[in-house]
Amino acid sequence: MELVTNSDTTGAVTIVKYESKPSTVGTNTFTALNRYVDIVVDNSISSQLNYSIIKMYYTDAEVSAANLQESTIRLSKWNGSEWIKFDP
């Protein structure tokens with residue numbers, strides 16, 4: 001993950017990888033590769049954040065096993081009440 005801020009800042013970024021869908025999020029409305037991460041950024045960083053780059057890696061076998069087409073894979077985020085897909 002890469003974070004780009006508009007000034008020098010300090011703070012903490014916590015990333016938690018889950019082996020399965022966390023119980024605190026709702027039902028997927030899409031087919032998932034079962035990759036779930038929780039990214040929490042301190043307010044001191046988020047208030048200075050211009051953008052971030054998140055990269056998730058997968059294999060052809062995982063895409064095939066999920067019966068997906070690679071061109072349709074998108075990152076989604078749980079906003080507390082529903083899943084929202086990130087635009088490509």
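Me: Where is Ile54, and what makes it partly exposed?

Reply: Ile54 sits in the loop between strand S4 (49-53) and helix H2 (60-65); helices (H or I, at least four residues) and strands (E, at least two) are DSSP runs, numbered from the N terminus. Its relative accessibility is 31%. Buried means under 20% relative accessible area, exposed over 50%, and partly exposed in between, with a 1.4 Å probe and protein chains only. So at 31%, Ile54 counts as partly exposed.

Before you go on: this is a predicted model, where local features need pLDDT of at least 70, side-chain atom pairs count only at pLDDT 80 or more, and totals for chains, interfaces and linings use all residues. Residues are numbered from 1 along each chain as its sequence is written, and side-chain values use heavy atoms, with hydrogens and water left out.

Me: Which residues form the nonpolar patch on the surface, and what makes it a patch?

Reply: Ile54 is one of them, along with Met1, Val13, Ile15, Val37, Leu75 and Phe86. A patch is made of residues with over 30% relative accessible area and no salt bridge; nonpolar side chains (Val, Leu, Ile, Met, Phe, Trp, Tyr) are joined within 5 Å, like charges within 9 Å. Ile54, at 31%, passes the area cut-off. Together the patch residues have about 550 Å² of accessible area, by the Shrake-Rupley method with a 1.4 Å probe, counting only the protein chains shown as cover for residues.

Me: What makes Glu62 and Arg35 a salt bridge?

Reply: A salt bridge is a side-chain nitrogen of Lys or Arg within 4 Å of a carboxyl oxygen of Asp or Glu. The closest N and O atoms of Glu62 and Arg35 are 2.4 Å apart, so the pair qualifies. It links distant parts of the chain: Glu62 is in helix H2, Arg35 in the loop between S2 and S3, 27 residues apart. By this rule the count comes to one salt bridge.

Me: Are those two partners buried or partly exposed?

Reply: Partly exposed: Glu62 has 29% relative accessibility, and Arg35 has 30%.

Me: Why is Asn67 called exposed, while Asn34 is partly exposed?

Reply: Asn67 has a relative accessible area of 71%, so it is over the 50% cut-off. Asn34, at 46% relative accessibility, falls in between. Asn67 is in the loop between H2 and S5, and Asn34 in the loop between strand S2 (13-18) and S3.

Me: How much space does the largest pocket hold, and which residues are closest to its centre?

Reply: Its volume is about 1,200 Å³. Of the 39 lining residues, the closest to the centre are Val37, Leu75, Ser76, Lys77 and Phe86. On a 1 Å grid over the protein atoms alone, a pocket is an open set of points with protein on both sides within 12 Å along at least five of seven lines, where a 1.4 Å probe fits; lining residues have an atom within 4 Å of a point. The largest share of the lining, five residues, comes from S3.

Key. Points joined across faces, edges and corners; volume = space filled by probe spheres on them.
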